[in-house]
Amino acid sequence: MGSRWRATASLLLDHVTTKASDFLSPNLPKPLNRSHPLIQTVRGFKFRPFSAIPSRVSVYSNEIESGSHDLALNYPLGPKEDEETGKIPVKAYFLCTSINLKSMQAENLSNVVPPTSRSTNYTVLRFFNFSSDTSALGIGGYVSCRYMVVFQYGSAVLFNIEDHEVERYLEIVRRHTSGLLSEMRKDDYAIIEKPLLAEDMQGGLDYIVLKTLDNDSIRIIGSVLGQSIALDYFVSQVDGMVEEFSGINRAMEKTGTFTMGRKKLLQLVGKANSNLADVILKVGLFERSEIAWRDAKYAQIYEYLREEYEVNQRFGSLDYKLKFVERIRREIAYNTWCSLEIAQLHE
């Protein structure tokens with residue numbers, strides 16, 4: 001009888017204690033035993049940089065291990081994403097001719113992703129976006145990551161940033177620019193992450209499918225897209241010079257006189273030469289990626305994107321146009337010299 005009474009009293013005491021705990025802290029989650037299946041699930045999940053659809057996590061952020069450098073948990077909630085809704089947007093911009101990376105890093109120190117190579121012409125910034133919502137199931141929340149790869153020569157490549165958010169992130173870059181362009185150049189791309197993909201990557205129409213999207217993948221994709229959009233700018237500059245020199249040549253054929261001043265001619269020639277130097281040296285168009293050199297997986301992505309964006313062919317076209325500009329310059333110089341010689345003979 002005594003033992004039955006003691007058992008009953010123990011159960012009653014446990015019940016009262018539990019209710020008191022609920023009353024004092026009704027909104028706090030109860031601690032889980034280490035063997036609880038949720039804990040096991042959390043420990044078993046792979047941390048990912050971000051998902052195109054924000055990853056659902058507990059609003060109690062201290063439940064996530066603070067030592068992780070990647071985004072929070074990517075819970076497999078809801079139906080499987082189709083190819084369109086699962087795309088992570090990538091936007092490449094060419095804003096200016098130079099960006100001060102040191103001052104930008106100093107201003108955004110907590111967002112800087114530590115480098116994995118010795119390259120110093122770019123930096124990667126990561127931004128966490130915390131949101132919460134209320135549903136019939138209670139209070140929930142999610143965290144998503146935005147990445148920005150910024151290059152010293154003037155390009156910025158944005159990952160997982162929607163159109164209405166772009167200006168806010170580009171303003172972070174503009175504060176550290178020089179030679180800001182009156183009109184930016186822009187290109188759009190997309191990434192799809194499929195962990196069950198048989199290969200490391202797969203190409204698509206204006207997008208790439210990756211088995212795993214990690215920081216080095218972001219660096220590789222950012223480097224090719226950043227170079228490509230910069231190349232667009234330099235090609236447009238050279239196209240303008242070709243048109244100007246061609247106009248001068250046509251005018252000389254009609255009138256027999258050279259109307260452009262020597263200073264303007266030298267400025268055009270200097271601009272052509274500096275454009276070529278910028279593409280090769282500043283943009284580093286032919287510098288082998290150290291990340292791609294170390295790992296065949298990243299090398300495959302790197303080579304695929306350079307082929308997809310026809311980087312070598314476009315540089316070949318740029319080089320041809322610059323040589324054409326140089327040939328026209330020599331013709332102009334020769335024709336000008338001939339005109340002067342003829343004029344002296346008539347005197």
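Predicted model: local features only at pLDDT ≥ 70, side-chain atom pairs only at ≥ 80, totals over all residues.
User: Where in the chain do Phe94 and Phe234 sit?

Analyst: Phe94 belongs to strand β2 (residues 88–99) and Phe234 to helix α5 (residues 215–255), so the pair links distant parts of the chain, 140 residues apart. Together with Tyr233, Phe94 and Phe234 form one aromatic cluster.

User: Is Phe94 buried or exposed? And what about Phe234, buried or exposed?

Analyst: The cut-off to keep in mind is that buried means under 20% relative accessible area. Phe94 has 0%, so it is buried. Phe234 has 6%, so that residue is buried too.

User: Which label does the pair of Tyr122 and Phe151 get?

Analyst: That one is tilted, with 5.6 Å from centre to centre and 40° between the planes. Tyr122 lies in strand β3 (residues 122–135) and Phe151 in strand β4 (residues 138–151), and 29 residues separate them. Tyr122 counts as buried at 15% relative accessibility, and Phe151 does as well at 3%.

User: Let's move on to helices. At what angle do the axes of α5 and α8 cross?

Analyst: The axes of α5 and helix α8 (residues 296–308) come within 10 Å and cross at roughly 20°. Angles under 35 degrees count as roughly parallel, so α5 is roughly parallel to α8. The crossing of the two is right-handed.

User: Which residues make the contact between α5 and α8?

Analyst: On the α5 side they include Asp216, Ile220, Val224 and Gln227. On the α8 side, Tyr298, Ile301 and Leu305 are among them. Sorted by type, the residues of this contact divide into 7 nonpolar, 3 polar and 2 charged.

User: Finally, what is Val149 in contact with, leaving aside its neighbours within four places in sequence?

Analyst: Val149 sits in strand β4 and counts as buried, at 0% relative accessibility. Its contacts beyond those neighbours include Tyr122, Val124, Phe159 and Ile218. Ile220, which takes part in the contact of α5 with α8, is 71 residues from Val149 in sequence and 9.9 Å away in space, C-alpha to C-alpha.

Note on methods
Residues numbered from 1 in each chain as written. Heavy atoms only, no water. Phe/Tyr/Trp six-rings, centres within 6.5 Å; stacked < 30°, edge-to-face > 60°. Helix = DSSP H or I, 4+ residues; strand = E, 2+ residues; numbered from the N terminus. Buried < 20%, exposed > 50% of the residue type's maximum accessible area, 1.4 Å probe, protein only. Axes fitted to C-alpha atoms, helices over the stretch in contact; angles between N-to-C directions. Parallel < 35°, antiparallel > 145°, perpendicular 65-115°, else oblique. Left-handed = near helix turned anticlockwise from the far one by under 90°. Contact = heavy atoms within 4.5 Å. Nonpolar A, V, L, I, M, F, W, Y, C, P; charged D, E, K, R; others polar.
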